[in-house]
Amino acid sequence: MDAIVDNYFVVLERVGERIEELEDAVVTTPRPETVREIHQLKREVILLRKAVWPLREVIGALERRESRLISETVVVYLRDLYDHTIQVIDTIEASRDMLAGMLDVYLSSISNRMNEVMKFLTIIGTIFIPLTFIAGLYGMNFQNMRTALAVGVLCLPVPDDHSGCFSPLIF
């Protein structure tokens, strides 16, 4: 059984290395492929947890059971094996927490990138909306339109009640 627990440690070591690689990828260049890999790792960690949890129960039951078949040296070995199993479970839980945190970091990075794009688009909109308004206003095809564009003053055409023509409204 100790070889089984040692194999779990080896697998967890590889998972830990992949987690470190993914952490760097999430911070530097967040991509959808990174999220897929995070989810895949999360599934692997859950499978490991499902495999180790019953092992912990079995070893704990063997350690607590009073039997003449289990000598005192074996009980010491079982206690050591139980401690290793608990370490594996703790490492699995830490890996799960790290992966959940990486998903949060990914979503935060994507949100920050989107905020930068929105800031740029806001600046562009701020520049072009007044220009579009002025071009639309003076691009209208009115007869006898009397408007002027003074410095700092925008004149808008409004209908004159008695002449049927437009007279300027200054605001």
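Helices (H or I, at least four residues) and strands (E, at least two) are DSSP runs, numbered from the N terminus. Ala61 has its place in helix α2 under this definition.

The model is predicted: local features need pLDDT of at least 70, side-chain atom pairs count only at pLDDT 80 or more, and totals for chains, interfaces and linings use all residues. Residues are numbered from 1 along each chain as its sequence is written, and side-chain values use heavy atoms, with hydrogens and water left out.

**Exercise 1. State how many helices and strands the chain has, and in which pattern they follow.**

Step 1. The chain holds three helices and three strands.
Step 2. Along the sequence they are arranged as α-α-α-β-β-β.

**Exercise 2. Determine whether Thr34, Ala61 and Arg56 are buried or partly exposed.**

Step 1. Thr34, found in helix α2, is buried because its relative accessible area is 3%.
Step 2. Ala61 counts as partly exposed, since its relative accessibility is 25%.
Step 3. Arg56, also a residue of helix α2, has 18% relative accessibility and therefore counts as buried.
Step 4. For the chain as a whole, 23% of the 171 residues are buried.

**Exercise 3. Count the salt bridges and examine the pair Arg18 and Glu44.**

Step 1. The rule requires a side-chain nitrogen of Lys or Arg within 4 Å of a carboxyl oxygen of Asp or Glu.
Step 2. The count by this rule is six salt bridges.
Step 3. One of them joins the side chains of Arg18 and Glu44 at 3.3 Å, N to O.
Step 4. Arg18 lies in helix α1 and Glu44 in helix α2, so this pair ties together parts that are 26 residues apart in sequence.
Step 5. Arg18 is partly exposed at a relative accessible area of 25%, and Glu44 is partly exposed at 28%.
Step 6. A further salt bridge links Glu57 and Arg56 at 2.5 Å, N to O, while Arg49, Glu93 and Arg96 form a network of salt bridges.

**Exercise 4. Locate the nonpolar surface patch and give its area.**

Step 1. Patches are made of residues with over 30% relative accessible area and no salt bridge; like charges are joined within 9 Å, and nonpolar side chains (Val, Leu, Ile, Met, Phe, Trp, Tyr) within 5 Å.
Step 2. Accessible areas come from the Shrake-Rupley method with a 1.4 Å probe; for residues, only the protein chains shown count as cover.
Step 3. The nonpolar patch covers about 970 Å², and its members include Met114, Phe120, Ile127 and Leu131.
Step 4. Met114 is found in helix α3, residues 72-138.
Step 5. The chain exposes about 12000 Å², of which carbon and sulfur atoms supply 60%.

Definitions and conventions:
Buried means under 20% relative accessible area, exposed over 50%, partly exposed in between (1.4 Å probe, protein chains only).
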